[in-house]
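Please read the numbered points alongside the model.

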Amino acid sequence: MTKRKKGAAVIVVLLLILWLSYEPILEGAARYLVYPDNRQKSDVIVLLGGEQDGQRTRKAAELYKEGIAPLIIVSSGGQLSWRTTESREMVALLLELGIPAHAISKEEKSLSTYENALYTKELLQKSGRSVKRLTLVTDDWHTRRAVYVFRHVFAHTGIEIASVGSHQLRTVRFKKWWLDHESLQVIASEWARMLVYYVKY
């Protein structure tokens with residue numbers, strides 16, 4: 001076999017391997033974004049803003065009713081319109097779902113995941129509340145980055161960070177996500193943010 005034929009054969013084999021492996025690699029990359037649920041007894045539930053359909057809030061209410069933690073901190077400084085904020089809407093839904101007002105606290109300055117962690121830490125320190133573990137509630141595909149950021153910000157505090165993912169009503173799919181416009185947008189954007197956070201923090 002000539003060198004040219006050997007080179008062509010190697011290229012064909014490499015292309016075949018790439019064709020057979022690209023799907024599991026891409027699907028694995030998407031599933032990596034989902035941090036394993038760690039539903040444990042905690043001192044506080046931190047409900048992160050940025051949701052689109054109320055499912056994060058419903059999951060936080062579910063965890064509260066299960067007795068996971070006695071307090072829900074709603075963490076969002078997002079402005080929905082000139083009339084209302086995201087945190088007000090989330091609190092309104094929590095109350096509608098039967099969560100008592102005394103079990104809800106608001107952090108209304110954060111505009112990013114890093115600020116969620118920073119201002120939640122600040123709020124807890126000012127409250128003097130004893131916290132050994134907190135449970136984050138956010139969309140499934142956001143849990144890996146959220147846990148990473150909170151562990152970075154809460155380093156040396158002795159506070160353990162757990163998370164439970166919510167499920168969007170409009171599900172972001174992980175199987176062949178690159179063929180679905182919305183899933184592609186969410187997963188590609190989340191990976192971009194994660195890489196930025198790894199470099200920055």
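Buried is used here for a relative accessible area under 20%, exposed for over 50%, and partly exposed for values in between (1.4 Å probe, protein chains only). The model is predicted, so local features need pLDDT of at least 70 and side-chain atom pairs count only at pLDDT 80 or more, while totals for chains, interfaces and linings use all residues. Residues are numbered from 1 along each chain as its sequence is written, and side-chain values use heavy atoms, with hydrogens and water left out.

1. Salt bridges overall. The whole structure contains 10 salt bridges, each being a side-chain nitrogen of Lys or Arg within 4 Å of a carboxyl oxygen of Asp or Glu. Helices (H or I, at least four residues) and strands (E, at least two) are DSSP runs numbered from the N terminus.

2. R133 and E160. These two residues form a salt bridge with their closest N and O atoms 3.2 Å apart. The bridge links distant parts of the chain, E160 being in strand 5 (residues 160–166) and R133 in strand 4, 27 residues apart. R133 counts as buried at 19% relative accessibility, whereas E160 is partly exposed at 33%.

3. R56 and D139. In this salt bridge the closest N and O atoms are 2.7 Å apart. R56 belongs to helix 2 and D139 to strand 4 (residues 133–139), so the pair ties together parts 83 residues apart in sequence. Both partners are buried: R56 has a relative accessible area of 2%, and D139 has 2% relative accessibility.

4. R39 and E62. A further salt bridge joins R39 to E62, with the closest N and O atoms 3.3 Å apart. R39 sits in the loop between helix 1 (3–32) and strand 1 (44–48), while E62 is in helix 2 (residues 55–66), 23 residues away. R39 is partly exposed at 36%, as is E62 at 32%. R39 and E62 also belong to a salt-bridge network that includes K59 and E66.

5. Aromatic pairs. There are 3 aromatic pairs in the whole structure. Rings of Phe, Tyr and Trp (its six-membered ring) pair if their centres lie within 6.5 Å; planes under 30 degrees apart are stacked, over 60 edge-to-face, and the rest tilted. Y32 and W191 are stacked, at 5.8 Å centre to centre and 20° between the planes. Y32 is in helix 1 and W191 in helix 6, 159 residues apart. The ring centres of Y148 and Y198 are 4.6 Å apart and the planes are at 85°, so this pair is edge-to-face. Y148 lies in helix 5 (residues 143–153) and Y198 in helix 6, 50 residues apart.

6. Contacts of T113. T113 is located in helix 4 (residues 113–127) and is buried at 6% relative accessibility. Its side chain makes polar contacts with those of H142 at 2.9 Å and R145 at 3.3 Å. A polar contact is a pair of N or O atoms within 3.5 Å; within protein, one must be able to donate a hydrogen and the other to accept it, and residues adjacent in sequence count only if both atoms are side-chain atoms.
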